[in-house]
Amino acid sequence: MSFQLLFKALSDPNRRKILELLRPGPLTAGEIVSHFDSAGSTISKHLSILKQADLVTDKRDGQYIYYELNTSVLDSVIQWLIELEK
């Protein structure tokens, strides 16, 4: 895990909103785009950055790609932050 990629991904409010949208469960790209005024290509770029940081995984099902929150990365970051506090 690259902390640089992770913190870059978390620095953008649109990407944080995508993570919040994925909290209840997987969504297709179209479902995610419907929550934004931005173009689909812009949201696709945000999803790509989230995938590079391992915050999101994707799975193809027929013609749809479902995006899902990867909480294991968040667990690692939380553990790292706790260790810093000690």
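**Close-up 1. Contacts of I32 in a predicted model.** I32 touches I18, L21, L22, L27, I43, L47 and Y67, with residues up to four places away in sequence not counted; contact means heavy atoms within 4.5 Å. Residues are numbered from 1 along each chain as its sequence is written, and side-chain values use heavy atoms, leaving out hydrogens and water. Because this is a predicted model, local features need pLDDT of at least 70 and side-chain atom pairs count only at pLDDT 80 or more, whereas totals for chains, interfaces and linings use all residues.

**Close-up 2. The largest nonpolar core.** The core has 20 residues, of which I18, L22, I32, L50, L55 and V56 touch the most other members. At least two residues each come from α1 (3-10), α2 (13-22), α4, β3 (64-69) and α5 (71-85). A nonpolar core is a set of buried Ala, Val, Leu, Ile, Met, Phe, Trp, Tyr and Cys residues joined through side-chain atoms within 4.5 Å. Helices (H or I, at least four residues) and strands (E, at least two) are DSSP runs, numbered from the N terminus.

**Close-up 3. Surroundings of H46.** H46 belongs to helix α4 (residues 40-52). With a relative accessible area of 8%, H46 is buried; buried means under 20% relative accessible area, exposed over 50%, and partly exposed in between (1.4 Å probe, protein chains only). Apart from neighbours within four places in sequence, H46 contacts D12, N14, R15 and I18.

**Close-up 4. The ring cluster of F3, F7 and W80.** Rings of Phe, Tyr and Trp (its six-membered ring) pair if their centres lie within 6.5 Å; planes under 30 degrees apart count as stacked, over 60 as edge-to-face and the rest as tilted. The count by this rule is three aromatic pairs. F3 and F7 are stacked because their ring centres are 6.0 Å apart and their planes stand at 20°. About one helical turn separates F3 from F7, as they are four residues apart in helix α1. F3 and W80 form a tilted pair, at 4.6 Å centre to centre and 35° between the planes. F3 lies in helix α1 and W80 in helix α5, so this pair ties together parts 77 residues apart in sequence. Relative accessible areas are 26% for F3, 39% for F7 and 34% for W80; F3 is partly exposed, as are F7 and W80.

**Close-up 5. K17 and the ring of F36.** K17 lies over the face of F36, 4.8 Å from the ring centre. A charge sits over a ring if NZ of Lys or CZ of Arg is within 6 Å of the ring centre and within 35 degrees of the ring normal.
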